[in-house]
Structures are given as structure tokens and as C-alpha cells.
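The sequence and the structure come first.

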Amino acid sequence: IEYISPAIFDELDHLKSLAICYNNLTRIESFNFEKLTKLENLSLSKNRITHIDQNSFLNLENLKTLKLAYNLITHLSFDLSNCKKLELLDMSENQLE
């Protein structure tokens, strides 16, 4: 997978866990997960992510675990302030400056 279509999750609004690992994602857009308001666990590890839009996780108020390990992220440009239930953020093995 190289790209996440804007409408791919439209009918999955009750989804609680999502893993899109070992793919070729390079960007996370602000609209990618906006309909997944019940999501608790999101793993995007082992992709080629270099950029995450600031509002990519804005609607994920129930998110507890966010795994972004083993990507090519160089800086934190995204907002997690609405993720009040976040317990684990894994950013290991990136290229953070």
C-alpha cells in the first residue's frame, strides 16, 4: 500500500484497531482517519512515512496506542492534543532530529 484513499474507511466508523504495517506509505494526510472516531489502536510501523499532516489524528479522541516505529520521520509536525486517552506513542527507529 502506497496511498490511503480518502473514502476507504467511510463505512468502518466502529473500528477499534487498525494495522497498516510493512507497506510503502510515505504520507499520512489529515483526512485519512477522520471517520475512525472509535479507533483505539493504530499501527503504521515499518512503512516509509516521511510526513504526517498536522491534523491527521485530530478526530481520534479514543486513541490509546499509536505506533509509528521504523519509518523515516524526521520531526513531529502533528497534533495529538485531542488524543486525551493516548497511553503509548512509539516513534522508535525513525530519523528524529
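This is a predicted model: local features need pLDDT of at least 70, side-chain atom pairs count only at pLDDT 80 or more; totals for chains, interfaces and linings use all residues.

## Sheet

The strands S1, S3, S5 and S6 make up an open sheet of four strands, arranged in the order S1-S3-S5-S6 with parallel pairing. Strand S1 (17-19) and strand S6 (88-90) are the edge strands; each has a single partner strand, so one side of each has no neighbour in the sheet.

Strand S5 covers residues 65-67 and is joined to S6 by three bridges, the two running parallel. Opposite Lys67 stands Asp90, a residue of S6. In general, strands of a sheet pair through backbone hydrogen bonds, in either a parallel or an antiparallel way.

## Ser43

Ser43 belongs to strand S3, which spans residues 41-43. Its relative accessible area is 13%, so Ser43 counts as buried, the cut-off being under 20%. Beyond residues up to four places away in sequence, Ser43 touches Leu18, Ala19, Ile20, Cys21 and Lys67.

## Nonpolar core and Leu44

The largest nonpolar core holds 22 residues. Phe33, Leu42, Leu44, Phe57 and Leu60 have the most contacts inside this core. Nonpolar side chains tend to be buried together in soluble globular proteins.

With neighbours within four places in sequence set aside, Leu44 is in contact with Ile20, Leu25, Ile28, Phe33, Ile49, Lys67, Leu68 and Asn71.

Technical notes
Residues are numbered from 1 along each chain as its sequence is written. Side-chain values use heavy atoms; hydrogens and water are left out. Buried means under 20% relative accessible area, exposed over 50%, partly exposed in between (1.4 Å probe, protein chains only). Contact means heavy atoms within 4.5 Å. A nonpolar core is a set of buried Ala, Val, Leu, Ile, Met, Phe, Trp, Tyr and Cys residues joined through side-chain atoms within 4.5 Å. Two strands pair if DSSP finds at least two bridges between them.
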